[in-house]
Amino acid sequence: MILPSTLNKHILVGISGGIAAYKVCEIVSTLAKAGADVRVILTESAQEFITPLTFATLSRHRAYTDQEFWQPTHGRPLHIQLGEWADVFLIAPLTANTLAKLASGFSDNLLTNTVLASSCPVLLAPAMNREMWKQISVQRNWQTLFLDPRFHGIAPSDGILACDLPATSPGNSSKQGAGRMAEPKQILAHINSLLNTKGKRDLIGKQILISAGGTREHLDPVRFIGNPSTGKMGLALVQAAIHRGASVTFVHGPMNTELVANLPEVELVSVTSGEEMYRQMLTGFPQADITVMAAAVGDVKPAVYSQDKLPKALLPTELPLEPIIDIVAELGKIKQPHQKLVGFAAQTGEIVSPAEDKLHRKNLDVIVANPIDLPDAGFGSETNQGILLSRQGQKLEIGACSKLNLAHQLFDFIADNRQLTDN
């Protein structure tokens, strides 16, 4: 997890009483190693699960408890200092008790008082028993908090719980249910987004269609023509769009299943070939306000497909090929005035001229000229860089950064482009 946006940022972490508190150790450690200034607050019940010393060691700073809160002070009150200091405030795990206090504006400990004394974005990651999470009162409190635009949330997911729940489906012997706190990688990505956007949700009400990953064009059931795209850039675009409030449809080629796990808010559509991706993109395109074609779709496919695996002796020494439909060009032909169509141009050498040609020839609004021959900028890397170009002549060079950071800069660029064309 690469988090350059956290460098020198002030991250306040509040921990309430739940077994998921152990997961927060990884979050605090990762943030501190990435150069963030991290402070931790533990409720009294949180200390039954994990000690302040643990977080003091991981954060390189003293961890705060109610003992410090109620002590006389000759300076400014601790909750005021911490609230004003924070750039982002994470509360994880969020228990039903602390959720109820926040929804009602109660402030009876250091954690809840600091929430009221702060003005930064607050990210909530609940964790509780499945039946507790389903209660009408808990769901009402959860929804009430989001009336305040400061609050952002990652709902708990299905997974093995610490409580002795029965299996969620016949034949499933594990103790699972919706109540498991989001994984550290999800939470860290959302923190990174909040630092990029300062909590704005400028894509609320927008339908975003995103493609990602490589396609596979099979010669027979076990051999195919493909490319090394992993879909990580597309996944970063999905995360950025969701964190900014959008509704997202994600059409992706074969990908590591872990990468597309834990995306309950996203409509996932898995495809294999370029033809399958074309059909799915064509289906979703009319409803999309913004379409980002980040997939690395093949240009050609074998002219003949064998239903059976070809013996090695019968493999052709020359492989007849035929072109695959140009998906982004076809979408450009039917694009409506209110829609924005964004493409990627993965290039080696000089990248701007080919990207500009593609931008205009395929009727795109924005294109990302992506240098795949530079270190840590191509397929499979955790970082990326490029040059953003618009039809109006805007140009923005983006140096090496996390793919999530690039995704946010792209959505900012699209917004600037949209405002320019609307005026």
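Mentor: Start with elements: helices are DSSP runs of H or I with at least four residues, strands are runs of E with at least two, and both are numbered from the N terminus. This is a predicted model: local features need pLDDT of at least 70, side-chain atom pairs count only at pLDDT 80 or more, and totals for chains, interfaces and linings use all residues. Residues are numbered from 1 along each chain as its sequence is written, and side-chain values use heavy atoms, leaving out hydrogens and water.

Trainee: Where does P93 lie, and what kind of peptide bond joins A92 to P93?

Mentor: P93 is in strand β3, residues 88-94. The bond from A92 to P93 is cis, with omega at about -10°. Most peptide bonds are trans, and most residues other than glycine have a negative phi.

Trainee: Which phi does R60 have, and what makes R60 exposed?

Mentor: R60 has a positive phi of about 70°, although it is not a glycine. R60 sits in the loop between α2 and α3. Exposed means over 50% relative accessible area, buried means under 20%, and partly exposed is in between (1.4 Å probe, protein chains only). R60 has 52% relative accessibility, so it counts as exposed.

Trainee: What makes K198 exposed?

Mentor: Its relative accessible area is 68%, so K198 is exposed. K198 lies in the loop between α9 (184-197) and β8. K198 is not a glycine, yet its phi is positive, about 55°.

Trainee: Why is T51 called partly exposed?

Mentor: T51 has 38% relative accessibility, so it counts as partly exposed. The residue is in the loop between β2 and α2 (52-59).

Trainee: Now helix α4. Which of its residues are buried, and how do you know on which side of α4 they sit?

Mentor: In α4 (residues 78-85), L78, H79, L82, G83 and W85 are buried. They cover an arc of only 165° around the axis, so they sit on the same side of α4. That arc is taken from the directions from the helix axis to the C-beta atoms.

Trainee: What covers the buried residues of α4?

Mentor: The cover includes β1 (10-15), β2 (37-42), α3 (66-69) and α6 (110-116). Contact means heavy atoms within 4.5 Å.

Trainee: What makes the buried residues of α11 line one face?

Mentor: In α11 (residues 274-284), the buried residues are G274, M277, Y278 and M281. Seen down the axis, they fall within an arc of 105°, so they line one face of the helix. Their cover includes β8, β9 (217-220), β11, β13 and α12 (327-334).

Trainee: What makes a set of residues a nonpolar core?

Mentor: The members must be buried Ala, Val, Leu, Ile, Met, Phe, Trp, Tyr or Cys residues, joined through side-chain atoms within 4.5 Å. In soluble globular proteins, nonpolar side chains tend to be buried together. The largest core here has 37 residues, and L237, V248 and L410 have the most contacts inside it. Elements that give two or more residues to this core include β8 (207-212), α10 (232-243) and α14 (403-422). The largest share, 8 residues, comes from α10.

Trainee: What does L410 touch?

Mentor: Not counting residues up to four places away in sequence, L410 touches L237, V292, V342, F344, V366, V368 and L388. A second, separate core of 32 residues includes F55, A63, A182 and L188.

Trainee: How is the protein chain divided into domains?

Mentor: Domain 1 is 10-161 + 176-197, and domain 2 is 207-417. These bounds come from an automatic or database domain assignment. The domain centres, taken over C-alpha atoms, are 36 Å apart. The contact takes 9 residues from domain 1 and 9 residues from domain 2.

Trainee: What area is buried between domain 1 and domain 2?

Mentor: About 800 Å² is buried between domain 1 and domain 2, and carbon and sulfur atoms give 49% of it. Buried area is the accessible area (1.4 Å probe) that two parts lose on being put together, summed over both. Q186, S193 and N196 supply 43% of the area that domain 1 buries against domain 2, more than any other three residues.
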